[in-house]
Amino acid sequence: MQSSKIREIFLDYFRSKDHLVMPSFSLIPQSDPTLLLIGAGMAPLKPYFTGEKKPPHPRVATCQKCLRTPDIDRVGHTGRHATFFEMLGNFSFGDYFKEEAISWAWDLVLNGYRLPVDRLWVSIYEEDEEAYKIWNERIGVPTDRIVRLGKEDNFWEIGLGPCGPCSEIYYDLGEEVGCARPDCAVGCDCDRFLEIWNLVFTQFNREPNGELTELEHKNIDTGAGLERMAIAMQGVHSIYETDRVKPLYNHFSNLAVAGKREEEVPLRIVTEHSRGTTFLISDGVLPSNEGRGYVLRRLLRRAIRFGKLLGIEGSFMTDAVTLVTDLMGSTYPELKERQDYIRQIVKVEEEKFQETLAQGTEILNNYIEKMRRNGQKVLPGEQAFKLYDTYGFPLDLTAEILEEEGLEIDGASFEQNLREQQERARAAAHNSVDRERVSRYRAAENLNTIFTGYEMLRNEASVLLLLVDGEERKAAKQGETVEILLDRTPFYAEAGGQVGDRGTIEGQRGRIRVEDTVFAPGGQIVQRGKVEEGEIDAGETVLAAVDDGRRQGTCRSHSSTHLLHRALRNTLGDHVNQAGSLVAADRLRFDFNHFSALTEEELLAVEEEVNRMIMANVEVKATVTNLEEAKKAGATALFTEKYDEKEVRMVSAGEYTRELCGGTHVSATGDIGLFKIISEEGIGSGLRRIEAVAGMKAYQRTVEKDKLLRLIADDLNSSSNLLEEKFAEHMNEYKQLQKNEREMKQRLASMEAVSLLSSVKEVEGVKVLSAPVQVESADALRLAVDEIRNRLDSAVIILGAVSNGKVILVGSVTPELVKRGLNAGRMIKEVAKMVGGGGGGKPELAQAGGKNPAALPEALQAVEDLVRAQLK
């Protein structure tokens, strides 16, 4: 039975039992920051189990794509372990319980899939008498076929909260695939007894005191691995022999070099990881060194490494995407829709890593050889770190290669080297600039400045410190450039992409025009500016006032970036993450990771979504909470930022977007007014940049465009509303004029060609024409050569022209003369040298250019001698 049929029978069976059949969710968890990836059928349904959300139906069935890596080291070494798999499942949210779950599972296995009962075994939690009685008394499974297992195997719980016992159905693959130990039985770690279905009975709640209490509403969560069910149904011994996986295995086996095509473990690893790689990228994951992006990178690089061990060359993982799509695309059509995109990402990562792999493997092999000579079993941490830091060779790959050789890494030493490098990097990043800054602001070390700018734009403050040219002063006088620290300030210091505030600081006898606001190395807020009049004294009370209009513009831009970020994720996928930004009063810039240019339709969709949220005028609110609570609320955090675990600031625009952010924002999205994208471009591998404007700047841009359209309409004697139609008319006229021009040039070339026929000479029985002509381009010169060639049955033709101060040459030799040894490419190359240029081409047709128009006549005269030379 094919895998597609196994899936169909399962879902149809539970549909008949009044289950709502739901499609597979993405591998990327939605609104669940506690999960990296979906690794079980119940994971996307967790809000229904916890009561956070009401389920669409009390009974649900799915076939969920899953990916998990705890067993990655076992992939390839057994026939049943995989990182990517499909999980068939039926779920009850406070509806049916054990008896129905067990009865239906047994009925489907026996009567739906028709598996032989003598191959089936059942396990239960050792204390679950209720399950035992159902299996034994209600279903009729003999006692000797029911195995009691302990808490570690058959009791599901994750800390406090809902939990419960499990019951599993096993399929006996036969002694030939077992471990041959006398005590081999259900629960053994060999491949013989294959778990095909796990039934979880969520009936308890684990209390803080450790006690179990009965849940009022009990749930059912079952999982039957499709690949494992296929092993049983198709009479094979591993997932690599099933219909959805075997073609991949055979594909890689055929690519392997002779002598390695039977190496089962590496072939299995490459096969298995090609599936996970394809599905992760399809669902929006991109390779990175963090989070789920690292999972993808690890799978892909691990597959590449084992592919190389098999002698497979080229972009073999890129090509595998097509085969995975062919095998799985009918079930998951998104694979077909995104195939080119997936291939592009795999190709970039594959090419990048192959260089790293070759260099790193050679160095590691040298280390291993030296260790063997010295009788060492542990690779020094500094050597593993050098591979990691200097050559980009992944630590887990180093560990895996060493393990294959019976060796290991000195992990503690590696970690020490890593910490030291991080400290050096931090120091290096700050040394050149920060050494001066630390010295400059040494007088501010013990001072404290409080930011009041979230609540107000003006406040009184005491002057804590005045610096003029880095020197502490008791007073700053008119005309001096000054840095000033206040005990309380509404000025926002540049951070998180947002520019620093400007404004004024006014005392009793003077005023400072603040031109920028920054942080000192110690975190104090520093206002930089110039004393416009009078003088400001240290210790005096001043009025600090932020430029209100500029701050409002900055707030509009910053809130716009949050809306833009969410709109990009909604339009392009959840792989989009902020990679940098500039938030200024008059413009904004947003960098993000994505592997292709946005289409016009995508840009319009993003811009429209942002403006719809602006028109919705939802409240923008900042909340201070801890990092864990913010993540639970679904707040987006930047991988590049380090956050305080105990206190973070979360900015929300209604339910549309939540981000961890320390910047200033509008009170409601309607305050933004209008949002307009100016440009979108690539700024690096996998990085895009959008520049945009908001508020009055967006309005002004719209007005300028309308003005330009009116000017164009006036020039075309049209109105703005008819401009498109009028423009189309003019374009048609323009194209016709271009066509007429080409035809005219062709006729002129023909006429000039006819006039040149009288200049044809004979050189040793060969017709030769070499002459200058008056044309404007190489195309026109080629037309002239073509026209002459059509009129002369046999000839050597070399024509030259001068265009924009440069020489153009085109030469032709008819086929029968080529047979006599004449060659247009070699001939025109010699002529080009005489005019200070170069070129060449085929024996029948060639083109060249030069820099010396004055030498053209003499160069053309040399053609006759070149013909004679080639005829010899």
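Reader: Thr 657, buried or exposed?
Author: Thr 657 is buried, because its relative accessibility is 4%. The cut-off for buried is under 20%. Keep in mind that this is a predicted model.

Reader: Which strand holds Thr 657?
Author: Strand S26, which covers residues 657-660.

Reader: And what does Thr 657 contact, leaving aside its neighbours within four places in sequence?
Author: Five residues are named: His 562, Leu 563, Arg 566, Val 651 and Ser 652.

Reader: How far is Leu 564 from Thr 657 in space?
Author: The C-alpha atoms are 9.8 Å apart. In sequence, 93 residues separate Thr 657 and Leu 564.

Reader: Back up a step. What pLDDT does the protein average?
Author: The average is 90. At least 70 is reached by 96% of the residues.

Reader: Where does pLDDT stay under 50?
Author: Over residues 428-434. The model gives that stretch one contact beyond four places in sequence.

Reader: How should I treat coordinates where pLDDT is low?
Author: Low pLDDT means the predicted coordinates should not be read in detail.

Reader: Salt bridges next. How many does the structure hold?
Author: The structure holds 56.

Reader: Let's take Asp 189. How far apart are the closest N and O atoms in its salt bridge with Arg 74?
Author: They are 2.6 Å apart. Asp 189 sits in the loop between strand S7 (161-172) and strand S8 (193-206), and Arg 74 in the loop between strand S2 (59-67) and S3, so the pair ties together parts 115 residues apart in sequence.

Reader: Why does Asp 189 count as partly exposed?
Author: Because its relative accessibility is 48%.

Reader: Where does Arg 80 come in?
Author: Arg 80 forms a salt bridge with Asp 189, and the closest N and O atoms are 3.2 Å apart. This pair links distant parts of the chain as well, 109 residues apart. Arg 80 lies in the loop between S2 and S3, and Asp 189 in the loop between S7 and S8.

Reader: Is Arg 80 buried or exposed?
Author: Arg 80 is buried, as its relative accessible area is 12%.

Reader: What about Arg 689 and Asp 591?
Author: Their side chains meet in a salt bridge, 2.7 Å from N to O. Arg 689 is in strand S28 (residues 687-694) and Asp 591 in strand S23 (residues 588-593). The two are 98 residues apart, and the pair links distant parts of the chain.

Reader: Arg 689, buried or exposed? And Asp 591?
Author: Arg 689 is buried at 19% relative accessible area. Asp 591 is buried too, at 8%.

Reader: Which residues do salt bridges with shared partners join into one network?
Author: Arg 74, Arg 80, Asp 189 and Asp 191.

Reader: New topic: helix H10. What span should its 13 residues have?
Author: At 1.5 Å a residue, H10 (residues 316-328) should span 18 Å. Its end C-alpha atoms are 18 Å apart, so the two values agree.

Reader: Which H10 residues are buried?
Author: Phe 316, Met 317, Thr 318, Ala 320, Val 321, Val 324, Thr 325, Leu 327 and Met 328.

Reader: What covers the buried residues of H10?
Author: The cover includes strand S3 (84-93), helix H7 (246-255), helix H8 (264-282) and helix H9 (291-309). Helix H11 (334-337) and helix H12 (339-374) are also part of the cover.

Reader: Now the surface. Which residues make the nonpolar patch of about 340 Å²?
Author: Leu 708, Leu 709, Leu 711 and Ile 712 make that patch. Leu 709 lies in helix H19 (residues 696-715). Leu 709 is partly exposed, at 38% relative accessibility.

Reader: Last one, backbone. What is phi of Arg 114?
Author: Near 55 degrees, a positive value in a residue other than glycine. Most residues other than glycine have a negative phi. Arg 114 is in the loop between helix H3 (98-112) and strand S4 (120-125). Arg 114 is exposed, at 67% relative accessibility.

Reader: And phi of Asp 469?
Author: Positive, about 55 degrees, although Asp 469 is not a glycine. Asp 469 is in the loop between strand S13 (458-468) and strand S14 (471-472). Asp 469 is exposed, with a relative accessible area of 66%.

Conventions: Residues are numbered from 1 along each chain as its sequence is written. This is a predicted model: local features need pLDDT of at least 70, side-chain atom pairs count only at pLDDT 80 or more; totals for chains, interfaces and linings use all residues. Side-chain values use heavy atoms; hydrogens and water are left out. pLDDT is the predictor's confidence in each residue, from 0 to 100. Contact means heavy atoms within 4.5 Å. Helices (H or I, at least four residues) and strands (E, at least two) are DSSP runs, numbered from the N terminus. Buried means under 20% relative accessible area, exposed over 50%, partly exposed in between (1.4 Å probe, protein chains only). Patches are made of residues with over 30% relative accessible area and no salt bridge: like charges are joined within 9 Å, nonpolar side chains (Val, Leu, Ile, Met, Phe, Trp, Tyr) within 5 Å. Accessible areas come from the Shrake-Rupley method with a 1.4 Å probe; for residues, only the protein chains shown count as cover. A salt bridge is a side-chain nitrogen of Lys or Arg within 4 Å of a carboxyl oxygen of Asp or Glu. The expected span of a helix is 1.5 Å times one less than its number of residues.
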